[in-house]
Amino acid sequence: AIDVYLPALEPGERESDRRYPTAFQTTRYHRSEETQRTQPESDRMLLEAKQWTDNGYAFVMVDARGTGASFGTRSGELSSSEIADYGDVLSWVAAQPWSTGRIGAYGVSYGGDTAELMLRLSHPALKASAPLYSDFDSYDDLLMPGGVLNTWFGETWFGLTNALDEVPGWAEQLAQVSGVTLEEFRV
């Protein structure tokens, strides 16, 4: 599932007259939420899109395979098949009539990881990658920092992602582990 945001056209201008470089971001945390329809002025994704489009860029946000509104199943987090999917999306973006064919990927945390991992695709349209924060080594940095098992992070993060992906029973598990409901996490 993909959201595409384009800069506003000037009066009398046609979309076919304009082409834009693209800022590209991925997420596994649902790119589109209810706030886009009910409170657009406070929706984080719409605000981020506006920053890019106001400066002459297209903005593309993609739900990872099997998350949010994207179809498919997940074989694991940051899997090679997930990263290969992004290569297909890069090709699709580059082929759009509004695209210059020049794409920069960026992100924080999970999105930073994917921005970094997309480099291994050597895709000709991917001209820049800016992982604003990525997990150099997810095992050492997140699950076992300093050699100590970070049980809270593992249980809470896996609970949150499984609950978001609507895996049966995980919303309740998340609330039990963290004391916070899935709805509260979404706010």
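**The sheet and its core**

Tutor: Gln25 has Met61, in β3, as its bridge partner; strands (E, at least two residues) and helices (H or I, at least four) are DSSP runs numbered from the N terminus. The model is predicted, so local features need pLDDT of at least 70 and side-chain atom pairs count only at pLDDT 80 or more, whereas totals for chains, interfaces and linings use all residues. Residues are numbered from 1 along each chain as its sequence is written, and side-chain values use heavy atoms, with hydrogens and water left out.

β2 and β3 pair in the parallel sense over 6 bridges, pairing being defined as at least two DSSP bridges between two strands. They belong to an open sheet of 5 strands with mixed pairing, in the order β1-β3-β2-β4-β5. Its edge strands, β1 (2-5) and β5 (126-133), each pair on one side only, and the twist from one strand to the next averages 20°.

Two helices lie across this sheet. α3 lies across β1, β2, β3, β4 and β5 and runs at about 140° to β4, with axes fitted to C-alpha atoms, for helices over the stretch in contact, and angles taken from 0 to 180 degrees between N-to-C directions. Helix α4 (residues 110-117) lies across β2, β4 and β5, at about 135° to β4.

The largest nonpolar core has 18 residues, of which Phe24 and Met118 touch the most other members. Such a core is a set of buried Ala, Val, Leu, Ile, Met, Phe, Trp, Tyr and Cys residues joined through side-chain atoms within 4.5 Å, and buried means under 20% relative accessible area (exposed over 50%, partly exposed in between; 1.4 Å probe, protein chains only). At least two residues of this core come from each of β2 (20-27), β3 (58-63), α3 (80-95) and β4 (99-108), and α3 gives the most, with 5 residues. Beyond its neighbours within four places in sequence, Phe24 is in contact (heavy atoms within 4.5 Å) with residues including Val60, Val62, Val89, Leu90, Ile103 and Met118. A second, separate core of 7 residues includes Tyr5, Ala23, Phe59 and Tyr106.

Tyr110 lies in helix α4 and is buried, with a relative accessible area of 4%. Not counting residues up to four places away in sequence, Tyr110 touches Arg28, Tyr29, Arg74, Glu77, Leu78, Glu82 and Trp157. Its side chain reaches the backbone nitrogen of Leu78 at 3.1 Å.

Key: Polar contact = N/O pair within 3.5 Å; in protein donor to acceptor, adjacent residues only side chain to side chain.
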